[in-house]
Each structure stands twice: as structure tokens, then as C-alpha cells.
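Thanks for looking at this with me. Here are some notes to read alongside the model, in the order I would go through them.

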Amino acid sequence: MDFAEQVKSSVDIVKAIGEYVRLKKAGAGPRYTGLCPFHSEKTPSFSVHGGHQFYYCFGCNAKGDVFNFIMAIEGLEFFDALKLLAERNGIPLPPRGAPATRDSELRSALAEMHQAAAALFAENLRSPQGEEARRYLLGRHVAESEWDEFGLGLSEPGGQQLVRKLEKRGYPEEFVEQSGLLRRRPEGGFYDYFRGRLMFPIHSESGAVIGFGGRALRPDDQPKYLNSPETPIYRKSAVLYNLHRARNAIRKQDRAVLVEGYMDVIGVWAAGVHEVVASCGTALTNQQVRSIHRHSERVVVNFDPDAAGANATERSLQMLLDENMRVRVLALEGGLDPDEFVRQSGSEAYRARLDRAATYFHWLFDRARARFDLHSVEGRLEGWKFVLPVLQRIPDRLERVAVATDAADYLGIDRVYVLDKFRRPGSAPHAPARPAPASVPSLERLLLSALVASPEARAEGLPRLRDIPAVQLFTTKPVFDALFALDAQEGEFRFAALEARLDDAARALLAAVCLADEVSGGEVAYAQAMECIRELEQANSKMQLSALKNRIKEMTRNGDLDGALRITGELNRLQRSLGAPPANEPGSSVVN
Ligand SMILES: [Zn+2]
């Protein structure tokens, strides 16, 4: 894939423009409107289409793709707009060196080589030497129509077939070496990288073959799956298997089905579910999530249920949630992967299971139910602790409360108890009857009393608090210093040991705090502490944001544009990690 194309497909135009223009969703589709940044207006006539990745203004006819937008609004040439977008989105720039012409020559040669390899592999599969591979495919119920659709093939075991074919075409050796299709032998000459494997071509979103996955046909061939190495046209982190075939269906069905492997994609596709993609052999990346998100915000994750993938699954799910995707999880009974399930129970049954897939949260509650004994009070609280961190990450307060209520019902916990956790610190409806010590701000008070009451809150909270400079400005700083010191020591925490480290003034503060806010259970205290810490962390991040903005201004003033660009990248990364809505007014630049 061309680097510009790679950047374009990794960048969501709605987000990119949303950094400059306040956009509102218009109607059901991925369409957004806002005030045009290119002409003066009071009612919005500027539209951005997230699915088709373009913008258009009905007032002044400004239009184009994300590059046109950045060029126009930042006053940049194409290459600099490309560079800006790449850096903002954490996409590494290709190393400079060979002149651009040599570069594009290389890329088109690589594309040709891949096309030739795909044709050769497909031919092999139909030839007499393809018998074993054909038997394997038929054994897994992959019909011939799918061989064609997915361009399945076979690499020749001898390791010289593709070498000969590419040699005949006379590519320069350095191009051949960078193709990832051949390997150089120490004694000179090349050999085929894929040998005796069932071959799955991997395509760019625009449909060009850019890499391969090769599956071993014999049990003693290792590894089971071998993928193309990274090449100038194949960046694993940016590519989703089958996206070029699936994207129209993803838009039409307004959902993507995310599975793990090539065979899963083919099985699910054959079941009539065409909106299916796989991350093929790597942990899901941001860029992959964004390339789904451009087509739909809804995704059903149907990974193999084996425990090996459990952590990767968790991480993938979190990544999807962080990108504001609506996530459902399909866990098939009996430990079947999607491909096996379709073969055993049929397409109809699979589609029904997809439609009924649990929301991410209900899937999580089910996991809590399976892991903890909910007949006991301890088990229910363990289950609650298991789901709480995820609930706390839901950005919208109303949704957070709704999901928490659901969680309570699922886990058999009192709703009132649960909702209690989502009260904002300092605005509790049942304010303590005892007067609070006026000199201690409420957040400090709530945090401190919770830390004293809950070992869990101390274990998780103190390390996080060490990283927040604001703690050094607390009225109760001596008490926090004592808590940090005790935490660094071995042994159980005792209130008396804490007191012993304080002078009279600090001891009085601590007493007042603990009297003002009685925290009952350890779990209430834990949730309260976490809520306070999150608030502090957010405030901390905001301070970092404004510090970065000031640096950018200063660098721009001093003419250090490279530096300003770099810091802008950092700023945007931080903003994204906060999930903060872009704060800029229409027409203003990000460097404000
Ligand atoms: Zn306009």
C-alpha cells in the first residue's frame, strides 16, 4: 500500500476534521455536519461523511478528502499535510533515502511480484501436486467457490519455483530481497519464503495483494501459520484480513464481525455473513480498529474461546471500547471457533447467534458469574470488584449508571449499594451530619478517609497517587507522605503506625478527616478512592495539555516549526488518550 493511502485509511476523517470543526452527527448514517471553516456562516452547511471519507460544503463548495482538508486549513503542501497526519496518528514515516521515483518504482514492482505469486500459488492448488492441499480444504468444508473468492493457493515445497518465476521477470536483486517473498541464501542466490503451505493472499483495502499467510499442511511443519514479513507495501498493524471484500457489507449491515484467523473468515463468509474481518496473526491495533470504525461503529467479536487468547481478547476489547465502538461478544458454546460452529450447526444457527450476541458488558458479567461463587456474599463482592474498573471507564455518566444497575442485577448485589459508588465525590446527597473540617478540600477528605479504610484502595491507589504532582500541594500532604512511607515498608498497615509518623497538626487533620467522612465497607471506600484518583489524574492531564499548548505557541513564535509539529503530535496523542472532545472553535487551528 502506498504510504499516503496507508495514512488515509488509518485516519478517520471525522476525527481529523473534528479537531478543527465542531461536528454533530446528522441522521442515522456516518454523516456529520458543522459550521464551515472556509466561509462565514451561522447555520451549518458543512458535511463530513465518515463512511466515504470526504467532506463537502453546500455553501462554498469546498470539498475533498482528509489531505485536501488539512492542506486547506493548515495552508500546507501535500507532502507536509501527509507528514502532519502521519505524525498526529502515530504512523511512522518511511525512512528517507532513495528518491521518490525509486520508491514508487519499488512499490509497484512489489505489487507485481505479489500478484504473480498469487497467480502461481492458485495454479499449484489445481495442479496434481495440489492434491494434499485440496483434500485438506475439502475436509474442512471449504468449497471450490471459496478457493476462487479468496484466491487460495499452494506454495511449492522445493523452494525454487517462485525464485525462477521472478528471475525470469528480471527485477533488480534489491527489489526481490525486499519483497518478503524470497530469502537470500548465505552461499548466494534465493529460495522461496513459503514452501509447501496453503496460501491465503492478504489484500490492501483497495484490493491489491500485499502479503500472504501460509498454513502448514503437515503437523510437523512449524510454525502452523507463517505470515509475510513487513515490507514497503505490507504493514501488519494497518491491515485487516478481508476488509476490501467486507467493507461494503459492513456499511450495509452496520456492523463488523471480528474473528481471529483466515479459516474463520472463510467459514463465516461462506455462512452468508460477509461483513467479517480478521486481524490475522497480530494483536489488534488502533489503526485496525479505526479502519473498521470508518465503516461502522458496531462490532461483534467472535474470537476462539481458548484460554491462550483470553488476555489478547481482553486487550482487543478494551481497544475497541477506547475507540468508542459498540462492542458485542459472541462466545460459542462447547469451545468451538466460528469455522467449526458453522460446519457443525449450519449458517442459519450461526447468524442467529451473531444477532443475539451479548453486549460487551453482559459478556463481562457472565465471566464474573463463571469465575466467582455468587451464592456467597464474598463471591458477589469479588465479582463486583472484577467488573468495577470497566464500569468506571464508561465515559457517559447516564450510561455508566445504567450499566452498573444491570451489573447489580446480574451479580445479585443491592442496586442502592451499587449506585452509591457512582456518586460524584463531594456532591453526595446524604452529606455527613458532622461538620467537615473546613480547611480540607472535599476531594482530599474523601480520598484520605477511603485510603485509610481500604487496603485495596491503598494497594492500587498509592502508586498512582505518587505520579500526581498535585498531591504535593495538598493541605494533608504530611499525611499522604506518611502513607507513602508506610506503603514502602513491609508489614500490615495500622492506623496507629500512621499516626505515629505525624506531628500534632497533621494528626488533628487526619482525625478530623476520619471523623467527617465515615466510610463503611471496604468496597465503598475502594470505589470512592478510585473515583477521587481518577478526578486527580484527569486534572493532571489537563495541566499537561495546557503546558504542551504553551510550548507549541512558544516554538511557533520562535520559528521552530519541526518542534511545534512534534509537540502537536504529542498533544493530540494525549488528547486522544483522554477521549477529550476537541475543544477548538471552527476555523481556528489546533495550535491555539
Ligand atoms: Zn463553506
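1. Two strands are taken to pair if DSSP finds at least two bridges between them. Helices (H or I, at least four residues) and strands (E, at least two) are DSSP runs, numbered from the N terminus. Please keep in mind that this is a predicted model, in which local features need pLDDT of at least 70 and side-chain atom pairs count only at pLDDT 80 or more, while totals for chains, interfaces and linings use all residues. Residues are numbered from 1 along each chain as its sequence is written, and side-chain values use heavy atoms, with hydrogens and water left out.

2. Let's begin with the sheet. It is open, has five strands in the order β13-β12-β14-β15-β16, and its pairing is mixed. At its edges lie β13 (276–278) and β16 (358–359), each of which pairs on one side only.

3. Which residue stands opposite valine 259 in β13? It is alanine 278. Strand β12 (residues 256–259) and β13 run parallel and are joined by three bridges. Three bridges also link β12 to β14, again in parallel, and here leucine 258 stands opposite valine 301 in β14.

4. Contact here means heavy atoms within 4.5 Å. Axes are lines fitted to C-alpha atoms, for helices over the stretch in contact, and angles run from 0 to 180 degrees between N-to-C directions.

5. Next, a helix pair. Helix α15 (residues 360–371) packs against helix α16 (residues 377–392) at an angle of about 160°, and their axes are 9 Å apart. The contact divides into nine nonpolar, one polar and two charged residues. Ala, Val, Leu, Ile, Met, Phe, Trp, Tyr, Cys and Pro count as nonpolar, Asp, Glu, Lys and Arg as charged, and the others, Gly among them, as polar.

6. Helices α3 (residues 66–74) and α4 (residues 78–88) have axes that come within 9 Å and cross at roughly 105°. That makes α3 roughly perpendicular to α4. Among the residues in contact are Phe67, Ile70 and Glu74 of α3, with Phe78, Leu82 and Arg88 of α4. This contact has nine nonpolar, no polar and two charged residues.

7. Two backbone details deserve a look. The peptide bond from glutamine 222 to proline 223 is cis, with omega near -10°, and proline 223 is found in the loop between β10 (209–216) and β11 (225–227). Asparagine 61, although not a glycine, has a positive phi of about 65°; its place is the loop between β4 (54–57) and β5 (63–64).

8. Finally, confidence. The protein chain has a mean pLDDT (the predictor's confidence in each residue, from 0 to 100) of 83, with 90% of its residues at 70 or more. Over residues 424–437 pLDDT stays under 50, and over residues 582–592 it is below 50. Where pLDDT is low, the predicted coordinates should not be read in detail.

Methods: Parallel < 35°, antiparallel > 145°, perpendicular 65-115°, else oblique.
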